[in-house]
Amino acid sequence: MESIGIDELKRGTNEAVCYADDCLFVSENLQCLCTSEPVRLDFSLMVFCMEGCVEWEQNGSFCALHEHDFVITLPGTLLTNLVVSDDCRMKVVCVSDRFLRRMLRASTNVWHVIRFVKSNPLKHLSDSDFEYLLRYVDLISIELKNGASIYREEIVQHLFAALIFGMLSDINRCMASENETDRDKTTTPVYMFRRFMEEVSADNGCHRSVTYYAGRLCCLPSYLSRIVKKVSGRRALAIIDEHVIDRIAFELKYSDKSVKEIAMEFDFPNISFFSKYVRKHLKVSPTAFRNMALTDEK
């Protein structure tokens, strides 16, 4: 299985590529991903379909884009069976994981959005919303033609940031709409599971017990565990640990805090307990994980 990153996209540039650097890539087709073998993406892929149709499978699930659809595919996604119609017009935006996390680290409450995107990658937009997001892509194209600007790279990257936050804003509206729809379903297992996931996603990673979340949802821990298992097929504690370790890994990778400071921030009783928790889930010590991340960035 081939793994493809921004560097591989740059090497496969052609006349349809608008821009490519170490962090960002803009194109008007998906030719670089049209391979006979499955590819695993090492970047976030965003596709805006203006006309025609694009189809593929991601992580085994079928995905089809039609006019005014856009999709966000997160790093680590396995892409197979890509098919593009002859009349298709699209805009393709690829952002490296490192660049995306650097932008989002200054934001609050994005973790629940990222988890929502994992489950709901495809979105159909109204005419106005679609044009609103594409306007950022058009501004990027205009700036790219201004090769004489000494701040060209900085302007392009900030326009990318505006595009991404515009999409996050639209996703937040979608999430709020779904919550409104479910307001009268407070007794259903699906609603309870969704409330559990909202609480986990909004938490800062300091709470690592089913008992805490059961208290937040005013139910017994045994009941919450049973509902989560029934709806998702996973243990509630496994979902909690996954969220916590995602937050810890992010801090170890991208913050300048010491390991001890991170342990205190996540409310571990001592650094020894923190190290055991990290080693259990990441298979290495916090320091080793941080060193590995620094090596990968170089």
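Helices (H or I, at least four residues) and strands (E, at least two) are DSSP runs, numbered from the N terminus. The model is predicted: local features need pLDDT of at least 70, side-chain atom pairs count only at pLDDT 80 or more, and totals for chains, interfaces and linings use all residues. Residues are numbered from 1 along each chain as its sequence is written, and side-chain values use heavy atoms, with hydrogens and water left out.

**View 1. The span and ends of helix α11 (residues 271-282).** The expected span of a helix is 1.5 Å times one less than its number of residues. For the twelve residues of α11 this gives 16 Å, which agrees with the 16 Å between its end C-alpha atoms. At the start of α11, the backbone nitrogen of Ser272 lies within 3.1 Å of a side-chain oxygen of Asn270. Just after α11, Lys283 has a positive phi of about 70°.

**View 2. The buried and exposed residues of α11.** Phe274, Tyr277 and Val278 are buried (under 20% relative accessible area; exposed means over 50%, with a 1.4 Å probe and protein chains only). Seen down the axis of α11, the buried residues fall within an arc of 95° (taken from the directions from the helix axis to the C-beta atoms), so they line one face of the helix. The exposed residues Lys276 and Lys280 are on the face turned away from the buried side.

**View 3. Strand β3 (residues 24-27) and its two covered faces.** Leu24 and Val26 on one side, and Phe25 and Ser27 on the other, are all buried. In a regular strand the side chains alternate between the two faces of the sheet. Strand β10 (residues 89-96) runs antiparallel to β3 and is joined to it by four bridges. Ser27 stands opposite Val92 in β10.

Note on methods:
A polar contact is a pair of N or O atoms within 3.5 Å; within protein, one must be able to donate a hydrogen and the other to accept it, and residues adjacent in sequence count only if both atoms are side-chain atoms. Two strands pair if DSSP finds at least two bridges between them.
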